[in-house]
Amino acid sequence: QAKESNMRAWAYDENGWPSGFVGGKLLKEESDRDMAKHGMGTTVVAATVIGEKLCVANVGDSRLYVINQEEITQITRDHSLVEEMIRLGEMNKSEAKEHPDKNIITRAVGVAKDLEVDFFEVGLKSGDIVLLCSDGLTNMIEDDEIKRIVLSQRDIVERAEKLVETANENGGKDNITVVLINPFSDDKIKG
């Protein structure tokens, strides 16, 4: 199971921004400069594989899953209004899918100087596939269907293409970002 920790950036530049996190600072500066972009921010999910360990960070509602023959497991936790309502028992997951405020996120990069990031550590095993994706995918395809698609395609490129194609066929209402990682593959991408 995933080990979770949470932390705030610990080193700051002379203007009070987390050092080494230029993207958030640039987003904030642009939103302050152009009132049409006021309050804009972005979500992020990032991961690295070290041996058989997956280290994950997330802010917002972009997700990371581990998929294998047995199950699909969401590792990250959405930072959204409806996710908070689910945690508090005010609604269930099926109600959340249709809720008018499902796209309101409670944490984003570039909105404020103080950034709270969730970190997870997951043990991987042979046969695991890692999926990083935006809500443009998960709002259009149920988790079980994502698992079916990922496990039924011949290679990692076909898997990613089929996920995007299916999300678009189901309405494609938002940007659809998909990154698949086969951490134990000996296959080399030819290009």
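**Close-up views of a predicted model**

**View 1. Strand E4 is mostly covered.** Five of the five residues of E4 are buried, where buried means under 20% relative accessible area, exposed over 50% and partly exposed in between, with a 1.4 Å probe and protein chains only. Arg63, Tyr65 and Ile67 point one way from E4. Leu64 and Val66 point the other way. Helices (H or I, at least four residues) and strands (E, at least two) are DSSP runs, numbered from the N terminus. This is a predicted model: local features need pLDDT of at least 70, side-chain atom pairs count only at pLDDT 80 or more, and totals for chains, interfaces and linings use all residues. Residues are numbered from 1 along each chain as its sequence is written, and side-chain values use heavy atoms, with hydrogens and water left out.

**View 2. Four strands form an open sheet.** The order is E5-E4-E7-E8, with antiparallel pairing. Two strands pair if DSSP finds at least two bridges between them. The edge strands are E5 (72-74) and E8 (178-181), and each pairs on one side only. From one strand to the next, the twist averages 20°. Axes are lines fitted to C-alpha atoms, for helices over the stretch in contact, and angles run from 0 to 180 degrees between N-to-C directions.

View 3. Strands of a sheet pair through backbone hydrogen bonds, either parallel or antiparallel. E4 and E5 form a hairpin with four residues between them. Their antiparallel pairing spans three bridges. Val66 has Thr73 in E5 as its bridge partner. E4 and E7 are antiparallel too, over five bridges. Here Ile67 is partnered by Ile129 in E7.

View 4. E7 covers residues 129-133 and pairs with E8 in the antiparallel sense over four bridges. Leu132 stands opposite Val179 in E8.

View 5. Contact means heavy atoms within 4.5 Å. H6 (residues 156-169) lies across E7 and E8. H6 runs at about 155° to E8.

**View 6. H5 crosses H6.** Their axes come within 8 Å and cross at roughly 145°. The crossing is right-handed: a crossing is left-handed if the near helix is turned anticlockwise from the far one by less than a right angle, and right-handed if clockwise. From H5, Ile146, Ile149 and Val150 take part. They meet Arg159, Lys162, Leu163 and Thr166 in H6. The residues of this contact divide into four nonpolar, one polar and two charged. Ala, Val, Leu, Ile, Met, Phe, Trp, Tyr, Cys and Pro count as nonpolar, Asp, Glu, Lys and Arg as charged, and the others, Gly among them, as polar.

**View 7. Glu83 is buried.** Glu83 lies in helix H2, residues 81-87. The relative accessible area of Glu83 is 11%, so the residue counts as buried. Glu83 touches Asp78 and Lys93, not counting residues up to four places away in sequence.

**View 8. The whole protein.** The secondary structure comes to six helices and eight strands. Of the 191 residues, 35% count as buried. Among contacts between residues at least 6 apart in sequence, 62% join residues at least 24 apart.
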